[in-house]
Amino acid sequence: MIQKIIVSLLISITFVSVSAQEVMTPKMLLELNKVSAKGISKDGENVIYSTSKYNLATDTKITTVYKIPVEGGTPVALEAYKNLLPNKHISPNGTYEIFTEDVKLKNITGKDFYPEIKNSNVQIYDELNYRHWDTWEDGAYSHLFYKATSNDAEAVDIMPNEPFDCPQKPFGGSEDYLWSPDSENILYVTKKLSGTAYAVSTNTDIYSYNLASKTTTNLTENNKGYDTNPAFSSKNQLAWLQMKRDGYEADKNDIIVLIDGEKVNITENWNETVHSFTWDTKGEKIYFVAPNFGTVQLFEIKVPKSSNKITQPKQLTNGQFDVSGIVGQSKNMLVVNRRDMNHATELYTYNLKKGTLQQLTHANDATYNSISLSKIEKRTVKTTDGKDMLTWVIYPPNFDSSKKYPTILYCKGGPQGPLSQSYSFRWNYQLMAANGYIIVAPSRRGMSGFGIEWNEQISKDYGGQNMKDYLAAIDDISKESYVDTDRLGCVGASYGGYSAFYLAGIHEGRFKSFIAHDGMYNLRSMYGTTEELFFVNWDLGGNYWDKNNAAAQKSFNEFNPANFVDKWDTPILIIQGGQDFRIPIGQGLEAFQAAQLKGIKSKLLYFPEENHWVLDGQNSFIWHTEFYKWLEETL
């Protein structure tokens, strides 16, 4: 019965949307093919990738794996593919295999402490880091093991009795460990801290475990920030990513190369931050992706022979798109992920000799060819302190400048990171515009791609210049005749949700509607319940009880949205995930309760099982439906 209701609802919504005009709909967005590269085949001839297609009505997903020639061609579906790809879990000499397994090291539950009380349901903690992202700590830690491939030899835990995780929580994967080229060592990334020290620090390190001596060496002990993504070149040279400052998760990310035993920062004098990198097959260059003026582009840098021969990176691609990741290299071809605000990720090849990008996969061409797409425009806005700010403007499909359109200020989360040519299956610019709205997305202070100073200015200034940047952007577009200034909205998630809460108290009547998803509302209770304390310590300046800390006192008093709720007078939709431990449930509930008690038109959209994101397909459909229903009611 429930499935029939869903199907009926989908048919009616799809009919209304598509019959009005051929544009993107929530159902179409959710049922797009999601392309994910597995890698380049061992012979270098093919790219192995998968597409995942979700069916909203049946709440099922079908994943198909394909191979396609690097030079282009027709994809071929595969039943088995792992034997086609290099296996990084097997040592280069084929002798050993590495794998991960959870190891229980701490008592946490009532049953751990009181085994005779069999039906208890309690967790007992005596230190911080008791939960992370969307998961409570249970006393088990992910460890690396290795064993011989030739027999049933006992597996060896290379982190015995250590209460640390590899891969890193919550998002670490196989990039956190690898074999040395001689098969004698296992390199791995972890943060060997626990309790409060773990919660306030970003000091991950790269360790080397020697199989013969069973000893571990810290390769990055002198650096106090993140050390991640170790990778060897074909010449057995080691490189990795490094952030210098402990506690600053959005610090400048640099490429470090080990040259004759010296750790050389080859991007130190480059005024941007690196997202990810890969060695070229000859071991002479490194290719990487990094934000660049509202996009993410592909770069290369030569690996110097010594620390006094460093050159500047060379930008390889340029255009209104993101090169969001590098899959690998085959001869003169780099296989990369590419996307833009109108198109989900597809695989492309970059010809290193010709300098050209060529689309390789076409998983969603049929959908995009059947709809009208948005016009995406770069706009330069002058900020209140005289800076030029790049602002993306996304126009409704079939835009007519002689008409007036409701317009939405999009406030990005982070707060650091690029507002680039991304394509989200949640906050989708094309879908927002397809519903008849002009979307204004400013690269306010805190965005990467405009130099380190612009990126770092937002820390400890949450309600300062960047709020003026937001208002400068919406005021600038409001000068256009096609903007209906009586129908302006403001939406955002995470820091964007904070922005919506904060602007609701200072917007001076500009906006007619707000939407805040998992936003920080009360910075004091946020500080008391969030899990990665290094984030709030750095960005807010410290804790709220330290009266001698001027930066923190300014954050908690002048930049706390809860302190301005007396000025709220505008309808607001508040969305909150019940399993969001980054911005916990109290933030959304406090904001909704305040709005209700003030008599403001407001709605709470609560997802008990979702974390900071809405990941379930049917939940996501309701998210989109309620999102646009709210805007239709209030704008």
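1. Ser513 is found in strand E31 (residues 513–517). Helices (H or I, at least four residues) and strands (E, at least two) are DSSP runs, numbered from the N terminus. Ser513 is buried, with a relative accessible area of 1%. Buried means under 20% relative accessible area, exposed over 50%, and partly exposed in between (1.4 Å probe, protein chains only). The side chain of Ser513 makes a polar contact with the side chain of Thr634, at 2.7 Å. A polar contact is a pair of N or O atoms within 3.5 Å; within protein, one must be able to donate a hydrogen and the other to accept it, and residues adjacent in sequence count only if both atoms are side-chain atoms.

2. A word on the source. This is a predicted model, with residues numbered from 1 along each chain as its sequence is written. Local features need pLDDT of at least 70, side-chain atom pairs count only at pLDDT 80 or more, totals for chains, interfaces and linings use all residues, and side-chain values use heavy atoms, with hydrogens and water left out.

3. Thr634 is one of the buried residues of helix H14. The helix covers residues 617–634, 18 residues in all. Its first and last C-alpha atoms are 26 Å apart, close to the 26 Å expected at 1.5 Å a residue. The expected span is 1.5 Å times one less than the number of residues. Asp616 caps the N-terminal end: a side-chain oxygen lies 3.1 Å from the backbone nitrogen of Gln618. Other buried residues of H14 include Trp623, Phe627 and Tyr628.

4. Tyr410, Trp427, Tyr429, Trp623, Phe627 and Tyr628 form it. Rings of Phe, Tyr and Trp (its six-membered ring) pair if their centres lie within 6.5 Å; planes under 30 degrees apart count as stacked, over 60 as edge-to-face and the rest as tilted.

5. The count comes to 45 aromatic pairs. Phe293 and Phe450 form an edge-to-face pair, 5.7 Å centre to centre with 90 degrees between the planes. Phe293 lies in the loop between strands E19 (285–292) and E20 (295–302), and Phe450 in the loop between strand E29 (438–442) and helix H7 (452–456), so the pair ties together parts that are 157 residues apart in sequence. Phe293 is partly exposed, at 48% relative accessibility.

6. Tyr544 and Phe556 are also edge-to-face: 5.6 Å centre to centre, 75 degrees between the planes. Tyr544 sits in the loop between helices H11 (533–540) and H12 (550–558), while Phe556 is in H12, 12 residues apart. Tyr544 is partly exposed at 24% relative accessibility. Phe556 is buried at 1%.

7. Helix H8 (residues 465–477) is mostly covered: 11 of its 13 residues are buried. Among them are Asp469, Tyr470 and Asp476.

8. The rule asks for a side-chain nitrogen of Lys or Arg within 4 Å of a carboxyl oxygen of Asp or Glu. Arg582 forms one with Glu531, the closest N and O atoms being 2.8 Å apart. Arg582 lies in the loop between strand E32 (572–577) and helix H13 (585–597), and Glu531 in the loop between helix H10 (523–529) and H11, so the pair ties together parts that are 51 residues apart in sequence. Both residues, Arg582 and Glu531, are buried. Shared partners also join Arg245, Asp251 and Glu456 into one salt-bridge network.

9. Asp388 and Lys382 form a salt bridge, with their closest N and O atoms 2.8 Å apart. Asp388 is exposed, and so is Lys382. Lys375 and Glu377 meet at 3.7 Å, N to O. Lys375 is partly exposed at 46%, and Glu377 is partly exposed at 22%.

10. Check the backbone too. A cis peptide bond joins Cys166 and Pro167, with omega about 0 degrees. Another cis bond joins Lys169 and Pro170, with omega about 5 degrees. Pro167 is in the loop between strands E9 (156–157) and E10 (177–179), and Pro170 is in the loop between E9 and E10. Asp518 has a positive phi of about 45 degrees although it is not a glycine. Asp518 lies in the loop between E31 and H10 and is buried, at 1% relative accessible area.
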